[in-house]
Amino acid sequence: MRTRVLAGFVVLALSLGMSARAIDTTVLPTDELQQRYEALTHGFRCMQCQNNNIADSPVGLASDLRRDVKEQLLAGKTDDEIRASMVRRYGNVILFNPPVSPGTVWVWIVPGLALLGGLYIAVRIVRRRAALVASDDSVVESEDSQR
Amino acid sequence: MNRFLIPAGVFVALAGILYVGVVHSPNKSTMQSALLGKAAPKFSLPVLGEPSRTLNSTELAGRPWVLNVWATWCGACREEHAALVDIARAQQVPIVGLDWRDEDDAAQQWLAELGNPYAVVAVDREGRTAINFGVYGAPETFFIDAGGHVQYRHVGAMTPEVWQREFVARLPRAGLP
């Protein structure tokens, strides 16, 4: 039983690996370029499919953008230059990790503020109830005396 | 009474923020072009139906023009085509076609069947020019002023209303740089 489950997992893992490779089979001449290529393509949104990155998308536009990344890498461009060239054409929306700017900084601040606010409210409610229980010993005593 | 005041206030404030967001955010399917106000990308591409001729974007400088990105595989392009043919008839501004990731034969047949609204059609078989324009789906239509700057991008099928509101209305200010 256990070996069968294990074998199933192995097959699953292998097939997952194969399907990931099937979309993008680009090979760059050095390991360093290959790693940068994969990191970059995983960081660009497929604009046609919204929730995929261009490395995982089979649509034509994604393959055109992958080719663009590859050509820029081979031309000696830095990662920052390649990201900037994408943003210049498609805007920040193409980045999965958009830069912090005066307009977007609230995206990071508001969740923190909401958490602190919720914490404050929770602490206040707990304290108030604790105070109620501590001061209101008559109820407890009367219940005891009825027994 | 008082204990409901703060939650109610928070609710109203949140509802207000979300309402403004929903009403004013541009539709996700029609993202604003990152190229607005910037120089239109240069290109040099073969002309559909004239294999020996190359269209260089510099030939278009000096007057306003419209770039319509289309393809025969694109459903909404068929939808907008009649509107484009009508628009072109008025000859207010030249419409340059960008045949994106398409087959030449199919594209020529399409124009023969449905009419040709384009002053010229550039063939972008590898999609390089489309990328430079930040195209993410066909059809897209760009308005470029005489100075070569992108003034507007419409995503989706062109309609007479959009044409009047966003393109014709920009013509008077699109003259010489």
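A: Chain B contains 5 helices and 7 strands. The model is a predicted one. In sequence order, the elements of chain B run α-β-β-β-α-β-α-β-α-β-β-α. The radius of gyration of chain B is 20 Å, well over the 16 Å that the globule rule gives for 177 residues, so chain B is more spread out than a compact globule. The C-alpha trace of chain B spans about 80 × 35 × 30 Å along its principal axes.

Now to the strand itself. To count as buried, a residue needs 20 or more other C-beta atoms within 10 Å of its own. For the chain as a whole, 36% of the 177 residues of chain B count as buried.

The partner to look at is strand β4 of chain B, residues 95–100, which pairs with β5(B) in the parallel sense over 5 bridges. Within this pairing, Gly97(B) stands opposite Val121(B) of β5(B). To get from β4(B) to β5(B), the chain passes through helix α3 of chain B, residues 104–114, and this β-α-β crossover is right-handed. In a regular strand, side chains alternate between the two faces of the sheet.

Next comes the nonpolar core. The largest one has 57 residues, and those touching the most other members are Val66(B), Leu67(B), Val69(B), Val96(B), Trp100(B) and Ala122(B).

Apart from neighbours within four places in sequence, Val69(B) is in contact with Leu98(B), Trp100(B), Ala130(B), Val135(B), Ala138(B), Pro139(B) and Glu140(B). Over chain B, residues 24 or more positions apart make up 75% of the contacts with a separation of 6 or more.

Chain A can be set beside this. The secondary structure of chain A comes to 6 helices and 0 strands. In chain A, 15% of the 147 residues count as buried, and residues 24 or more positions apart account for 43% of the contacts with a separation of 6 or more.

Note on methods:
Residues numbered from 1 in each chain as written. Chains lettered and ligands numbered in written order. Predicted model: local features only at pLDDT ≥ 70, side-chain atom pairs only at ≥ 80, totals over all residues. Helix = DSSP H or I, 4+ residues; strand = E, 2+ residues; numbered from the N terminus. Rg over C-alpha atoms; globule rule 2.2 N^0.38 Å. Buried ≥ 20, exposed ≤ 12 C-beta atoms within 10 Å, placed from the backbone. Contact = placed C-beta atoms within 7 Å. Core = buried A, V, L, I, M, F, W, Y, C linked by C-beta atoms within 7 Å. Pairing = 2+ DSSP bridges. Right-handed = clockwise from strand over helix to strand, strands pointing away.
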